[in-house]
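Look at the chain below and follow it from one end to the other.

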Amino acid sequence: MILHKFKNQADLDRAAADLFISVVRSKPNAVLGMATGGTPVGLYQEIVKTYKQGLVSFKEVTTFNLDEYVGLPVSHPESYRSFMQRNLFDHIDIAPENTHVPNGNADDIDGEGRRYDEAIYQQGSVDMQLLGIGGNGHIGFNEPDDELSRFTHKVTLKESTREANKRFFNSIDEVPTHAITMGMGSILHAKAILLVVKGQEKAEILDRTLNGPITTQVPASLLQTHPRVIVMTDCDVTYKVSHS
Ligand SMILES: O=P(O)(O)OC[C@H]1O[C@](O)(CO)[C@@H](O)[C@@H]1O
């Protein structure tokens, strides 16, 4: 892993955006893995800024989002499809048919998971996957558990996750109880991964991700097994590269 520490979130957002833009410039038909939540909003704003300056085009880019709530209408402002339209897709020249978000309202959610993985694998693999991290170490919506799933699947959200995400809704009762998420296999299949972690309150879980044992109880710790992970953070953490 490579750890980049930033003094402030504005610099972090710019660097993260530049990394994604460099991927698209060197491969105009790149496949990008996208994330939602509070973490990527600023970096999406930086990408839009650069697009509006005419410095990058997304005409040939394909995107796959990590996850979506189950049972939330797509038109709901907090569906991850709405989030992506509002924060990124509506402001750049990406072809709508090239943007993929799992369908959380599919009648057959297991079938939707299979269809989604198939669509990813048909593209070969994701060139650069963006990740945030949940306070409990989840990536996508892969929650801590004794076992983790490889493929895109339905999950029951932990109460701590619903509690954290209630800031986007009027009350906890409105936060969906389930989601569909890319599995750990789909995430780790990406050629490169950018993990963005903002806020000192996430320093402890980031330390466990970087330096702790590899365990399904901290899904992000599985990133230690991936050969190309870049971590960008404003947290005060260190990455221990040896036993001492
Ligand atoms: O960025 P936030 O809002 O802290 O959320 C953490 C993570 O949890 C999720 O909301 C669940 O996928 C991610 O989108 C995000 O990276």
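**Reading the model**

Residues 20–227 are 30% helix and 14% strand, with the end C-alpha atoms 18 Å apart; helices (H or I, at least four residues) and strands (E, at least two) are DSSP runs, numbered from the N terminus. For residues 20–227, UniProt lists "domain: Glucosamine/galactosamine-6-phosphate isomerase" in an unreviewed entry. This is a predicted model, in which local features need pLDDT of at least 70, side-chain atom pairs count only at pLDDT 80 or more, and totals for chains, interfaces and linings use all residues. Residues are numbered from 1 along each chain as its sequence is written.

Helix α1 (residues 9–26) packs against helix α2 (residues 41–52) at about 55 degrees, their axes 8 Å apart; axes are lines fitted to C-alpha atoms, for helices over the stretch in contact, and angles run from 0 to 180 degrees between N-to-C directions.

Around the ligand are Ala35, Thr36, Gly37, Gly38, Thr39, Leu66, Asp67, Gly132, Ile133, Gly134, Gly140 and Phe141, each with its C-beta atom, placed from the backbone, within 6 Å. This shell has four nonpolar, seven polar and one charged residues.

How values were computed:
Nonpolar A, V, L, I, M, F, W, Y, C, P; charged D, E, K, R; others polar. UniProt positions renumbered as here; feature names shortened; annotations may be inferred.
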